[in-house]
Amino acid sequence: MNISVCHMSFRGFSSLAGIAATKKIVADGTLQQKVFAPYTIYKGKAALSASPTLPTFSKSDLGSLMVARKGVIMLTFFPAIGERKYDWGKKQIFALSATEVGALLNLGPDDSCEFFHDPSMRQSNAGEVRKSLSVKAHSDSSGYFMSLNVVNNVQKTNDRLTVPVTCAEFAVMRTAFSFALPHILGWNRYLDPQQTTINQRSSGNVAHFAESEWDR
């Protein structure tokens, strides 16, 4: 029988869920408040923030709604520049698809996984910018190391940011991601279509979620 031991140490580390609000226009043309509530983990060398990005929809010629831009869980890494100070201008982001979220939800205490993103895959400029996100379990099953590596062969840069995540912090992420999953798929809109955000552009010009990750 395997026993997982979760050691939690909060000295010098902190987690924070911040809330901010803006406004958006929904399907019926009314104004609605939009809430930003990222879950952020601050550690000595970097910070990690996670928040859902909902899909947008476009109307077909028949009047039905179709997903125009896929929803994601956006992970944002910030490098530390001092004690409890972070350089928000040098952030690096990684957009988790629904399937990648599922892989994280399925991780056991001793499991690891890795994801690779290339915005120009299958194009002539493939490989110019590559991102890889690795999630590796601690040797004592006390949490995970979440590392983002961004290689930009055009600018000749190679950035790597790593945030150690405790069992408690990963449990928060797992629960929040499970809650957000049907929302980033857009399935909750079946029950509440009035809350659907309409993308006014034609479906042929709508960007997929990966482009939001690369628009910096």
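Contact here means heavy atoms within 4.5 Å. With that cut-off, N106 touches D111 and R174, leaving out residues up to four places away in sequence.

First, the conventions. This is a predicted model, in which local features need pLDDT of at least 70 and side-chain atom pairs count only at pLDDT 80 or more, while totals for chains, interfaces and linings use all residues. Residues are numbered from 1 along each chain as its sequence is written, and side-chain values use heavy atoms, with hydrogens and water left out.

The protein has three helices and 14 strands. These are DSSP runs numbered from the N terminus, with helices being H or I of at least four residues and strands being E of at least two. Buried residues make up 39% of the 216 residues; buried means under 20% relative accessible area, exposed means over 50%, and partly exposed is in between, with a 1.4 Å probe and protein chains only. Among contacts between residues at least 6 apart in sequence, 53% join residues at least 24 apart.

Next, the core. A nonpolar core is a set of buried Ala, Val, Leu, Ile, Met, Phe, Trp, Tyr and Cys residues joined through side-chain atoms within 4.5 Å. The largest one has 30 residues, and L75, L96 and F177 have the most contacts inside it. Helix α2 supplies the largest share of this core, five residues. L96, apart from neighbours within four places in sequence, is in contact with V72, I73, L75, V101, L104, F115, L133 and F177.

That brings us to α2 itself, residues 167-185. Its 19 residues reach 27 Å from first C-alpha to last, close to the 27 Å expected at 1.5 Å a residue; the expected span is 1.5 Å times one less than the number of residues. What lies at F179? A kink of about 35°, shortly before the proline P182. The bend at a residue is the angle between axes fitted to the seven residues ending there and the seven starting there. E169, F170, M173, F177, A180 and I184 are buried in this helix. An α-helix has 3.6 residues a turn, so residues three or four places apart point the same way. Just after α2, G186 takes a positive phi of about 90°.

Back to N106, in the loop between α1 (98-105) and β11 (113-117). N106 is exposed because its relative accessible area is 65%.

Now the loop between β12 (129-137) and β13, where S142 is found. S141 is in that loop too, and has a positive phi of about 60° although it is not a glycine. Buried or exposed? S141 counts as buried, at 12% relative accessibility, and S142 counts as buried at 10%. The side chain of S142 makes a polar contact with the side chain of H138, at 3.0 Å. A polar contact is a pair of N or O atoms within 3.5 Å; within protein, one must be able to donate a hydrogen and the other to accept it, and residues adjacent in sequence count only if both atoms are side-chain atoms.

H138 is also one of the residues that F145 touches. F145 lies in strand β13 (143-152) and counts as partly exposed, at 40% relative accessibility.

Last, K156, in the loop between β13 and β14 (157-166). Its phi is near 60°, positive in a residue other than glycine, and K156 counts as exposed at 71% relative accessibility.
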